[in-house]
Amino acid sequence: MLFRRSLRTSAAALALLLPFAAACGTDAQAESSTVTLRVGATGWKAEEAVLKYAGLDDTPYKIKWSLFQGGDQQLQAIRAGALDLASSSEIPPVFAAADGSANFKVVAVQKGATLNQEVVVPKGSKVTGIAGLKGKKIGYVQNTTAHYFLYELLKQAGLKWSDVDAKPLLPNDGLAALNGGGIDAFASYGTSIITAHQQGATTVGSGKDILSGNFLWSARDSVLRSPEQKAAAADLIARITKAYAYVRDGHLDGFAQVTAEATHQPLAQARKDLTDAQAQRPTQARTVGADTIASQQKVADVFTELGALKEHLDVKTFWTTELDADLEKAL
C-alpha cells in the first residue's frame with residue numbers, strides 16, 4: 001500500500017518532495033520576531049495572496065510558505081519535520097496518522113467551497129458519465145479528496161473500484177497523461193481541473209455534493225508545546241478568515257484579478273469561480289467540534305471499506321481543542 005510507504009518519509013524522501021515546494025516569507029514581517037511558522041499551501045499560495053491583498057500580511061511573526069501539489073504531501077512534510085502547519089482536506093491526515101504515531105494534531109477547521117473537484121475526460125472523449133468509465137484507465141490523486149469522491153461516484157454509478165483501472169498520479173502528471181492519451185479520465189481538484197478545462201476537458205462527475213467542505217489545519221505537536229507558535233498559528237488562521245471576509249465585502253474584482261494572474265486564466269472565469277466559491281460556502285475558520293470529528297471519521301471508514309486502510313482508525317486520537325481558545329480570541 002502506498003500509504004505505508006508515504007508514512008516512512010525520510011530525509012531522502014523529503015529531498016524529492018521539496019523541489020515541488022517554493023518557500024518564501026511574507027513581505028511585511030517584524031525583523032525582530034523570533035517566531036517562525038513554516039506553512040504549507042496547495043495550488044498557488046492563495047492564502048498568502050489573500051493576506052497581502054487584504055493588507056493583513058503584517059504579521060508580528062515570520063511565515064515561510066511552501067507550495068505542494070497536494071495536502072497529502074503537506075502532511076508528509078509535517079511528519080518529516082519540514083512544516084509546522086499544514087492545510088488539507090479531511091483525507092491526508094487520515095493516512096498520515098494511520099501508523100498510530102502521528103506527530104501532529106488537527107487544530108482547526110476552515111470551511112470552504114467544494115467546486116473544481118471533478119472527474120474529467122479529454123477533448124473528443126465519447127464518455128459522458130461515470131458509468132461509461134467501466135474498464136477504463138482513470139488517474140486520481142491518491143489519499144486526497146479526489147480518491148474519496150472518485151470512489152463514491154463509482155459506487156453511485158453501480159461500479160466497484162475493481163471495475164476500473166485506477167492509477168495514482170500527481171496533479172501535473174495526471175494532466176499530462178490525460179492530454180497524452182495515457183489515461184481515459186482524471187479525478188483531481190483545484191488548478192489542475194481549471195487547466196484541464198482550458199485544454200478542452202469536460203466534466204463527467206463532481207465531488208461538489210459529496211465532500212463536506214471541511215478543510216483541516218494540522219499543526220505539529222511542537223507548535224502546540226510552544227505558546228508563541230501556538231498563538232501565531234491561531235492568529236494566522238484567523239487572519240485568513242478576515243482576509244476572505246474583506247474580499248467578499250466589495251473586493252471580489254480585485255482579488256479575481258490576482259487569481260487570474262496567478263492561475264493563468266481569463267479574468268471573467270476567475271471572477272466567476274471566486275464568486276461561485278464564496279457563494280457556495282464562504283471561506284472561514286471555526287474551532288474543533290464533535291461534528292467535524294464525526295465528518296472525518298466517516299471519511300476514514302470509507303477508506304477502510306475501500307481497503308486503503310487495513311484496519312479501523314479512530315480519528316479523534318489526532319484532533320485537539322488546544323487551539324480553540326486562542327482561535328476564538330483571534331477571530
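**From the overall fold to one helix pair**

Among the contacts in this protein that link residues at least 6 apart in sequence, 80% join residues at least 24 apart. The model in which these contacts are counted is a predicted one, and its secondary structure comprises 14 helices and 12 strands. The radius of gyration is 19 Å, close to the 20 Å that the globule rule gives for 331 residues, so the protein is as compact as a globular protein of that length. Taken along the principal axes, the box filled by the C-alpha atoms is roughly 60 × 45 × 40 Å, and buried residues account for 55% of the 331 residues.

Helix α6, which covers residues 145-156, packs with helix α13, which covers residues 290-306, at an angle of about 65 degrees, and their axes lie 11 Å apart. The crossing in which α6 passes α13 is left-handed. On the α6 side the contact is made by His147, Tyr148, Tyr151, Glu152 and Lys155, while α13 contributes Lys298, Val299, Val302, Phe303, Glu305 and Leu306.

Conventions: Residues are numbered from 1 along each chain as its sequence is written. This is a predicted model: local features need pLDDT of at least 70, side-chain atom pairs count only at pLDDT 80 or more; totals for chains, interfaces and linings use all residues. Side-chain values use heavy atoms; hydrogens and water are left out. Axes are lines fitted to C-alpha atoms, for helices over the stretch in contact, and angles run from 0 to 180 degrees between N-to-C directions. Helices (H or I, at least four residues) and strands (E, at least two) are DSSP runs, numbered from the N terminus. A crossing is left-handed if the near helix is turned anticlockwise from the far one by less than a right angle, and right-handed if clockwise. Contact means heavy atoms within 4.5 Å. The radius of gyration is taken over C-alpha atoms; the globule rule is 2.2 Å times the number of residues to the power 0.38. Buried means under 20% relative accessible area, exposed over 50%, partly exposed in between (1.4 Å probe, protein chains only).
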